[in-house]
Structures are given as structure tokens and as C-alpha cells.
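Please examine the sequence and the three-dimensional model shown below. The account that follows leads through the structure in running paragraphs.

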Amino acid sequence: MVPITAATILDDRLSALTTTVKDSWALASDTSIGFALAVLAGFAGLAPVPEMLGGDLTYGGIPAVARTGFQASSPGSFDPHLFLQAVDRIRGRPKNGRDQLGDYDIALLGIANGLSKCDGVEGAHVERKRWLLTIIAETGHAPAWTQRARQLAGDILDGAGRLRVDPAADTNARALDLVLRNSWPQAYSRTSLIGPNERRQILAALLSSELPPDGDLERSAVWLVAFRLLIQKMATDLVPDYNTLVEALRATQSALRRWVWDEKPNRQDISPARWLIDDESHVQSFLWAILEPRFGDQLYDEQYLPGFGQKQPRFDFGLANLKTIVEVKIARTHRDFPKIEEEVAGDLGLYFSEPERYDRMVVYVYDDSDRPHPEQYDTLRSSLTQRDRRIVDVIIVQRPGKMPNRNARQPWVKSATPERNGK
């Protein structure tokens, strides 16, 4: 008899969910198939062979259009002109066709995803988006757990921030939110991260709740992907990997919401607490406090690299087990962004002179500009990542909103208050 352990419990549930998904393909609608293919992307062996998918965009109606919209995220399998023609046929239907769409959150997400991939195509594209946003804003009769898909559909089209509202508290809704974050990360970039306690609660519910029935492809696919993501997160928490590093660096933007900059002291005999970040060394200290607890003795601080001639560069942080350099920069005005590109590019050859030690880099930029210019962020990312494939990520965060403009920061003045205890 095989002993029951945590590993066997996880394996049994994973096997059961995988079987449920595989048994549900033949019973699913085109909409469900398109959605499942989108969220299962990257998980080998769980999708059917292409000839099983079916669906005719010309005559298939809303399910076929939704499926095609989901497939728009896969390069080479999407014809925007045919898709928009199919959307226009739905727009020309009587009201009962519109009601059918309004009651199906997953279909709304598929069509919104497809429309988002058609930007730049000629025609009344603004009107199509407005038409779908109007339906999204209406109250449908879809199951409560799929509401998050409807909110995501709207945010994909206009970025209005519907996803900032927390999802419903039931297991299906929270699992769906976790899965949508994984498949559409850009739409979730301004939302709070899912904390460890909530992840544990979702995992416990997925382990103890009754499985979705065969044929319910949407829920079974959501459960399976959420389960896999949670297990993967558990593994990386035990052994942090490159994705853990990037996730921690990106999360610093939301962490700055609690940054301390008191206007008044909370005690009479001390100055207001103000955590000033004013130069690159301050940013480095902040990041050290974030990274050191996660990576421990694998994190190296400001190590010199082999140089040539009189030039001997040093990186800000190195992750030895990940063979990754973290280069830290601070931008004080929008004019610093081109300088940052030049500085990083100028030292690339020296950074990677020993590829057996370090073979990739993450650039972390703290934007301390009084007037941020977010349009320059994508320019810097593209310039650096296209310049050298070893620059894998460029992460840019803006300073805390509480921190005053640079010219409004008071110079340090030694306090005249006598120190306590006679010291």
C-alpha cells in the first residue's frame, strides 16, 4: 500500500484534473475550446489535435468568433480581416443575438481579445470596441464566478481599471483570477499581487472541493492551470529561480505605496520619519532589503568584474546560481533615459566577459523624475533588449507619490535637540 503523503495527494488531484480536462474536449463548445486553449498554452499534452477543434468562422456565430478571438494570441493563426467581418455580422443581428453574447462572460473575453489584436486594421474599429464595451457594461445572467472574465474583457479594450476590484470570494472565481493573471499579465499590471495566504487558501480549496464534472471544460481547465501555477509557485518559493527574481523586482512598484514620508512627527522630540531615496546607492539599499531574504548567500553585492586596461566595471548585484546580473540605475529627468541606455550598452562586453559566471542581465531603473514620461519606458526596454539578447528584462518603477519633487527636498541640518541619556 502506497503511504499517503502531501506529494501523493497533490499527484492524485493533478491526475484527476488532467483526466477531466482531456475527457471534456469532445463535449465542449467552440467558446470553451478557445478559452481552454488560451489558458492551457504552455502546458504540453493537454490540448487536442487541431482537427478536433472544428468551428467555422463564416457560419459558426458567437462561439466560433469567440474561439477565434482567443486564438488571436497565437502568432500565425489569426486573420484580423475575417475576424472583424464575423464581428460585424454579430453586430448586425437583432437584439436576441446581443442578449446571448451579454450573458456569456467567457465569449466577451474571447471577442475582446480578438479586437485588441486588430488595432491598425482599417474600418470602424472604434465603433466595434464601443459596441462591445456597451454590452460588457450591461448586467448579464452569466455565472457569478466568470465575472472576472467580463472585467478583463473591458480592461483589455479601454484599460479603465475594472480589475482593481477584488474578485468574488468563492473558489472558482479566485482560481479564474489566478489563471487570467497568468495569461493576460499586462492587463493586471496595476492590480495588487496575490499574497501567500490567499494562494494557500486557493490551493486548499482546490484540493478539498468536488471536481468539475466531465464536459465542464472551462472550469476544469481553470482548476488545472491554477493548480499547476500554485504548485510551481510553491517550488520556486523553496528554490527561487529567475522568474522569482523578476517578480520580486516588479513588485517593488506596488510596495512603494506604503513608503514612509510623514508630514509631522509622531513624537515631540524627533523629526518626521522620511525615507528618502535620492541617489543610486539608496535604490541599491532598498533592493538589497527586498532580495537578500529571498536569495541569501547567492546574492552578491557590487562585485568587480575582470576589466581591460584601466577600466574595471562592477555590477550592482549578482545572483550566482541564476548567472544573472542586476544593474541599477536612477533617472532624475527624462533626459537621463538615453544616458542610461549608453551606460549599460557601453559596459556590456565587460559585464559578460566571463559567461560561465554571468550570462544574462536585468536592468532596474528607478524613475525619480518630477514629471515622469512613461512613453520613454517602452523605448528604453526595446532599445536595450534589442541591443543584446543577454539583457532579458528592463524593469522601471516610479518613485513613491508621497516623496516631494527633487528641488523641494530640504538639505540635511543637524538637529539642535540635545540627545537623551546625556549622550
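The paragraphs below treat the sheet, the helices packed on it, the nonpolar cores and the salt bridges in turn.

The model is predicted, and local features need pLDDT of at least 70, side-chain atom pairs count only at pLDDT 80 or more, and totals for chains, interfaces and linings use all residues. Residues are numbered from 1 along each chain as its sequence is written, and side-chain values use heavy atoms, with hydrogens and water left out.

Five strands form an open sheet in the order S1-S2-S3-S4-S5, with mixed pairing; strands, like helices, are DSSP runs numbered from the N terminus (H or I and at least four residues for helices, E and at least two for strands), and two strands pair if DSSP finds at least two bridges between them. Strand S1 (299–301) and S5 stand at the edges with a single partner strand each, so one side of each is left without a neighbour in the sheet. From one strand to the next, the twist averages 20°. S1 and strand S2 (residues 317–319) run antiparallel and are joined by three bridges. Asp 301 has Phe 317, in S2, as its bridge partner.

Helix H12 lies across S2, strand S3 (324–331), S4 and S5, and runs at about 20° to S5. Helix H14 (residues 280–295) also packs on the sheet, where S1, S2, S3 and S4 are touched, and its direction makes about 145° with that of S3. Contact here means heavy atoms within 4.5 Å; axes are lines fitted to C-alpha atoms, for helices over the stretch in contact, with angles from 0 to 180 degrees between N-to-C directions.

The nonpolar interior comes next. A nonpolar core is a set of buried Ala, Val, Leu, Ile, Met, Phe, Trp, Tyr and Cys residues joined through side-chain atoms within 4.5 Å, where buried means under 20% relative accessible area, exposed over 50% and partly exposed in between (1.4 Å probe, protein chains only). The largest such core has 67 residues, and those with the most contacts inside it are Leu 109 and Leu 132. H11 gives the most to this core, with 10 residues. Leaving aside residues up to four places away in sequence, Leu 132 touches Leu 101, Leu 108, Ile 111, Ala 112, Leu 115 and Leu 157. A second, separate core of 27 residues includes Leu 256, Trp 259, Trp 261 and Phe 286.

The whole structure holds 26 salt bridges, each defined by a side-chain nitrogen of Lys or Arg within 4 Å of a carboxyl oxygen of Asp or Glu. One of them joins Glu 247 and Lys 233, at 2.8 Å from N to O. Glu 247 lies in helix H12 (residues 242–250) and Lys 233 in helix H11 (residues 217–238), so the pair ties together parts that are 14 residues apart in sequence. Glu 247 is partly exposed, at a relative accessible area of 41%, whereas Lys 233 is buried, at 17%.

Asp 368 and Arg 409 form another salt bridge, with their closest N and O atoms 2.7 Å apart. Asp 368 lies in the loop between strand S4 (360–367) and helix H17 (375–387), and Arg 409 in the segment after strand S5 (391–398), so this pair ties together parts that are 41 residues apart in sequence. Both Asp 368 and Arg 409 are buried. They belong to a network of salt bridges that also links Asp 278, Asp 370, Arg 399 and Arg 406.
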